[in-house]
Amino acid sequence: MKRQVTFFPNSVDCKTPTGAAVVDEPITLTLRFTRPQNPSEVFVVLTKDGENPVRYAMNLVTDEDNEYTYSLTIKVTSAGVYYYHFDIQNEEQLYRVGSDVDLNALLGKGGDWQLTVVADGYAPTAFDGGVMYEIMPDRFFIGGERNRTKAYANYREDWGGIPEYRADENGKVENIDFFGGNLKGIAKKLTYLKNLGVTCIYLTPIFEAHSNHKYDVGNYMCVDSDFGTIDDLKDLIKKANKRNIKIIVDGVFSHTGDDSIYFNRAGTYDSIGACQSVKSPYYGWYKFTDWPTNYDCRYNIDIMPSTDAGNVFFDEFITGHEGVIRTYTRLGIAGWKLDVCEQLPDAFIEHAVAAARRENGDALVYGEVFHDATTLQSDGTKRNFLASGKLDSVTNYPFKEDILNFVRCGDSGRLNNTVGFIINNYPKRTVDSLMNVLGNHDTARLMTVLGHYDSVYTRDDKAKAVLTDREEATRLVKMAAALQYTLPGIPCIYYGDEIGMEGFEDPFNRKCHMWGDGDKQLLKFYKCLGAVRTNERDIFAHGAYNALDAEHGVMFFERVASKERVYVVVNNSGSDYTPAVPKGGYIDLMTYKPFDGTVKDKCVAIFKSEKTTVIPPNKQKKKKS
């Protein structure tokens, strides 16, 4: 007879709280099983990462009809990453129950569940339930007269043209073609963004820099003249705030540009840069192996020398009272995304978060993290970016990869497991604020990733490639977007994806926004998704995630807050799907028409009980006069 064991860490029947816990918070674990016969002892075995395991005896709660329930409430007194499993002892043998155990396996087989413990439960909530929108300012919209202050720049007049991708005589793509998008242009498009449901704009770097993308920072204390002035930034923040739209900025602190006031390799600035003298006040900011020609740099790209963020003077310049973070946050910036977090030391991250919070108690600090943010391996060291004083949330690449995998091949089990994995490992505050991306300035565009192209081999091919079946690709984009908007976290839309822009990797993914063109039906779909999040914000801000069916190409789940719930079906099964829900009438939240109970293949449905649905005035039926 097979031993039946029940333990699901994301179920309140088995573990409270679900997800991460706070230091000294009571944690209750409940284990149920039918065999072995007459267990003599049951233990929770808890191990802090890097330390020895500790065994805690569990208490017998019920013993009826050969079914046993054991429970234990403990408090963990220090923050960190812990692992746990259960040992069940009877007269014959010792069973181990772990996260991937064969339920008949003996001791020594199977993994452990992870328990993340943080020092406090503080959580900014200003962004929760909203919609984020990433903008590269040069490629979004031109507002007013263009600035043309760089003698070396190629100021383009063909808005929408293909960005320069051919290497120069030195084998480099300089990224010095400028199309003219600026901060005033973003301000002019705030109504468009508001209608899309956007509540937060994420700007790629706006600091003075040599390139069009600005990741090679030249001077942190100046807004780049191509984008405007400090006053233009203040005006954008003011106008956005009137529409309840927050602004966050990409904080590029793991490196600067070589053509910067701090490094000054080309001698552009009237300063003594680190590349010019070992007596430069900035010399300690960088990691030279053979000054001045050999130094650490991001991805071995010599125009982006890596900083030593552990240097006390660099740290103070970025996080101090008059530093970069506090200066811009005082202007009204609502948060930061720290670029390439794994290259920043823990102390610097803590100081950066504290600096933002001193100026704005609701400021949110994201980190660019590509894997599990609680156990990321960096230079042979396991990093936890979500402990006390650390990041509020992160870029959610695990969701991205498995959403794309699901819409391509229907692997719903893998996606559901990843969602559960993140919910279990991260604090609830982090999960609610996750930056859910499907594409950005570093990746090929969503439509291109999910589409098919013939004979694309070279960069010249990619520059002129066109989808062979746009209708099919659009269906897949809609499925991916529906998941991005309804799974835990905040959807972050890369500008232009809402109208189906195409583009392979950099720089083809950085074309100008196609104002007046693009897929208007897809735009309408994104607007409907935005409206769903707006109208059901409480549920999507903090609601629980419960998987109802994640097999055979179907993602059917509910988001639950208080006594209200929203059901979501994304069907990639190859046939029609009828979700099993309690009897009663339901309203399709995308149309506010009755839900007919069936979801066609390659389609989505987001619905709610008609008893708890408040229909917006613009969707209500007009009475006949």
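Reader: Lys 608 in this structure: buried or exposed?
Author: Lys 608 is buried, with a relative accessible area of 2%. Buried stands for under 20% relative accessible area, exposed for over 50%, and partly exposed for what lies in between (1.4 Å probe, protein chains only).

Reader: What kind of model is this, and how are its residues numbered?
Author: The model is predicted: local features need pLDDT of at least 70 and side-chain atom pairs count only at pLDDT 80 or more, whereas totals for chains, interfaces and linings use all residues. Residues are numbered from 1 along each chain as its sequence is written, and side-chain values use heavy atoms, with hydrogens and water left out.

Reader: Which residue forms a salt bridge with Lys 608?
Author: The partner of Lys 608 is Glu 564, and the closest N and O atoms of the pair are 2.5 Å apart. A salt bridge here is a side-chain nitrogen of Lys or Arg within 4 Å of a carboxyl oxygen of Asp or Glu.

Reader: Why does the pair of Glu 564 and Lys 608 tie parts together?
Author: Glu 564 lies in strand β30 (residues 564-571) and Lys 608 in strand β33 (residues 603-609), so the pair joins parts that are 44 residues apart in sequence. Strands (E, at least two residues) and helices (H or I, at least four) are DSSP runs, numbered from the N terminus. Glu 564 counts as partly exposed, at 32% relative accessibility.

Reader: Which residues do salt bridges with shared partners join into one network?
Author: That network consists of Asp 250, Arg 298, Lys 337, Asp 339 and Glu 368.

Reader: And how many salt bridges does the rule count?
Author: The count comes to 42 salt bridges. One of them joins Lys 382 and Asp 49, whose closest N and O atoms are 3.5 Å apart. Lys 382 lies in strand β24 (residues 381-383) and Asp 49 in the loop between β5 (41-48) and β6 (53-57), so this pair ties together parts that are 333 residues apart in sequence.

Reader: How exposed are Lys 382 and Asp 49?
Author: Lys 382 counts as partly exposed at 34% relative accessibility, and Asp 49 counts as partly exposed at 36%.

Reader: What about Arg 330 and Glu 359?
Author: Their side chains meet in a salt bridge (2.9 Å, N to O). Arg 330 lies in helix α5 and Glu 359 in helix α6, so the pair ties together parts that are 29 residues apart in sequence.

Reader: Turning to helix α5, which of its residues are buried?
Author: In α5 (residues 324-331), the buried residues are Val 324, Ile 325, Arg 326, Tyr 328 and Thr 329.

Reader: What do the buried residues of α5 pack against?
Author: They pack against α3, α4 (312-319) and α6 (346-359), and also against β16 (207-209), β17 (217-223) and β21 (335-338). Contact means heavy atoms within 4.5 Å. After α5 comes Gly 332, with a positive phi near 120°.

Reader: Which residues other than glycine have a positive phi?
Author: Examples include Asn 244, with a phi of about 60°, and Tyr 592, also with a phi of about 60°. Most residues other than glycine have a negative phi, and most peptide bonds are trans. Asn 244 is found in the loop between α3 (230-242) and β18 (246-251), and Tyr 592 in the loop between β31 (586-588) and β32 (593-594). Asn 244 is exposed at 57% relative accessibility, whereas Tyr 592 is buried at 9%.

Reader: Where are cis peptide bonds found?
Author: Among them are the bond from Thr 16 to Pro 17, with omega near -5°, and the bond from Trp 291 to Pro 292, with omega near 0°. Pro 17 sits in the loop between β2 (15-16) and β3 (21-22), and Pro 292 in the loop between β19 (288-290) and β20 (294-295).

Reader: Finally, the surface: which residues make the nonpolar patch of about 340 Å²?
Author: Tyr 299, Ile 301, Ile 303 and Phe 370 make that patch. Patches are made of residues with over 30% relative accessible area and no salt bridge, with nonpolar side chains (Val, Leu, Ile, Met, Phe, Trp, Tyr) joined within 5 Å and like charges within 9 Å. Accessible areas come from the Shrake-Rupley method with a 1.4 Å probe, and for residues only the protein chains shown count as cover. Tyr 299 lies in the loop between β20 and α4.
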